[in-house]
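Here is my note on the model you sent. Please read it with the structure open.

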Amino acid sequence: MKRVVITGMGIYSCLGKNLAEVQQSLYMGKSGIGIDPERTAYGYRSPLTGIVERPVLKGLLDRRSRICLAEEGEYAYMATAEALRNAGIDLDYLDKNEVGVLYGNDSSAKAVIDAHTLTLETKDTTLQGSGAIFQSMNSTVTMNLSTIFKLKGINMTISAACASGSHAIGLGMMFIRQGLQDMIICGGAQEVNYLSMGSFDGISAFSTRISAPTKASRPFDRDRDGLVPSGGAATVILEEYEHAVKRGATILAEVAGYGFSSNGGNISQASDLGSCLAMQRAMRDAGVTPADIDYINAHATSTPQGDAFEADALSHLFAEHKTPISSTKSMTGHECWMAGGSEIVYSNLMMLNDFIAPNINFENPDEHSAPLNIVNQTQTKKISTYLSNSFGFGGTNSALVIKKI
């Protein structure tokens, strides 16, 4: 099989607007979580969220491109532009070569609601504007990225709840392994506006630790009381190894294994067996064993049930090896459709700079997390191989094994 490597990365998140800012936040254990007053006014139980500043695209994109972008598409554009620069790829290269895009996205709520509200008020659908349809479709990110960057390869949105970004990278790896593409832009995006998250709040999924926002997301901690929503976008450039070498690219990491599974049970309940199977498949695909894994970026979102099931699965596979584990969601909150992509970027930044970012707010283990080696302070460590988990509603599970070149 052909080898698949990462030659570029880009990130736009509550931890920073670029790789350098995000690396610093990870190393310092800096939280990006705060209060959104609009949520309180709207009727949320919890106004907690990752604070992500909207980018200013005037001067970067023409008006037509801007009006077709939903919020998550704006973030994806910023992350992808950085990833392409990081990979040494310009618009001329994209025009002359076949490059694909596989991106995770599972909603475009604000665009749909805004268009609906405007029509209710005016009784005239024509006032929605010509960009409304392109903002409101689930495939908004890939259709816009492919147009802006003149992409001519595979063009598809992966819609798989909170595992979307991870599955996009796994599927991108498979396309390249099979020789169907030489290069694919992969990642995940998530809108952060209050209209996108009301249904989560309505089922009491969110932490209500409002008095201490930066302490609210506490994966694996005994006193966790729910997740904190967040978003942004993250992009990685996947490339066939020989193709990357031939064009003189800097190789950042190798995507060595991809594993997946479906729980086949309750629509919102996690499963230790399902997540364990995804991890085992990823390691088998990469040709490694649990003893070979130097670090695990856990899915752990800070929900009582979800963290417990994942902790049990991790304990089954890794407790005897004392494998270092942290959930960057302790700093970012749960970036949902973006998370599987962003956590590859976060973990790559750790691997390239020899440190493990902390699982902040982990103060007291419960009976499930007690057997695990959860890192709650920044740790200096050389990482050669890591595992990243992403699980989502509907029982979709994805795991990726990444190696240092």
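**Notes on the predicted model**

1. Ser204 sits in the loop that runs between α10 (198–202) and β7 (232–240). Helices (H or I, at least four residues) and strands (E, at least two) are DSSP runs, numbered from the N terminus. The phi of Ser204 is near 60°, a positive value in a residue other than glycine. Most residues other than glycine have a negative phi. Ser204 counts as partly exposed because its relative accessibility is 44%. Buried means under 20% relative accessible area, exposed over 50%, and partly exposed in between (1.4 Å probe, protein chains only).

2. A word on the basis. The model is predicted, so local features need pLDDT of at least 70 and side-chain atom pairs count only at pLDDT 80 or more, while totals for chains, interfaces and linings use all residues. Residues are numbered from 1 along each chain as its sequence is written, and side-chain values use heavy atoms, with hydrogens and water left out.

3. Cys336 also deserves a look. Its phi is near 50°, a positive value in a residue other than glycine. Cys336 lies in the loop between α14 (329–332) and α15. Cys336 is buried, with a relative accessible area of 1%.

4. Next, α15 itself. This helix has 15 residues and reaches 21 Å from its first C-alpha to its last, close to the 21 Å expected at 1.5 Å a residue. The expected span is 1.5 Å times one less than the number of residues. Of the 15 residues of α15, 13 are buried, so the helix is largely enclosed by the rest of the structure. Asp354 follows α15 and has a positive phi, near 60°.

5. Which helix crosses α15 (residues 339–353) at roughly 75°? It is α1 (residues 19–28), and the two axes come within 10 Å. That makes α1 roughly perpendicular to α15. On the α1 side, Leu19, Val22, Gln23 and Leu26 make the contact; on the α15 side, Val345, Tyr346, Leu349 and Asn353 do. Contact means heavy atoms within 4.5 Å. These residues divide into six nonpolar, two polar and no charged. Axes are lines fitted to C-alpha atoms, for helices over the stretch in contact, with angles from 0 to 180 degrees between N-to-C directions. Angles under 35 degrees count as roughly parallel, over 145 as roughly antiparallel, 65 to 115 as roughly perpendicular and the rest as oblique. Ala, Val, Leu, Ile, Met, Phe, Trp, Tyr, Cys and Pro count as nonpolar, Asp, Glu, Lys and Arg as charged, and the others, Gly among them, as polar.

6. The largest nonpolar core has 73 residues. Those with the most contacts inside it are Ile6, Leu26, Tyr103, Phe149, Val236 and Leu238. Helix α4 (residues 71–87) gives the most to this core, with eight residues. A second, separate core of 25 residues includes Ala286, Ala300, Phe318 and Ile374. A nonpolar core is a set of buried Ala, Val, Leu, Ile, Met, Phe, Trp, Tyr and Cys residues joined through side-chain atoms within 4.5 Å.

7. Ile6 has contacts beyond its neighbours within four places in sequence, among them Val236, Leu238, Ile251 and Ile344.

8. Where does Thr140 lie? It is in helix α8 (residues 140–148). Thr140 counts as buried, at 0% relative accessibility. Beyond neighbours within four places in sequence, Thr140 is in contact with residues including Cys68, Asn105 and Phe134.
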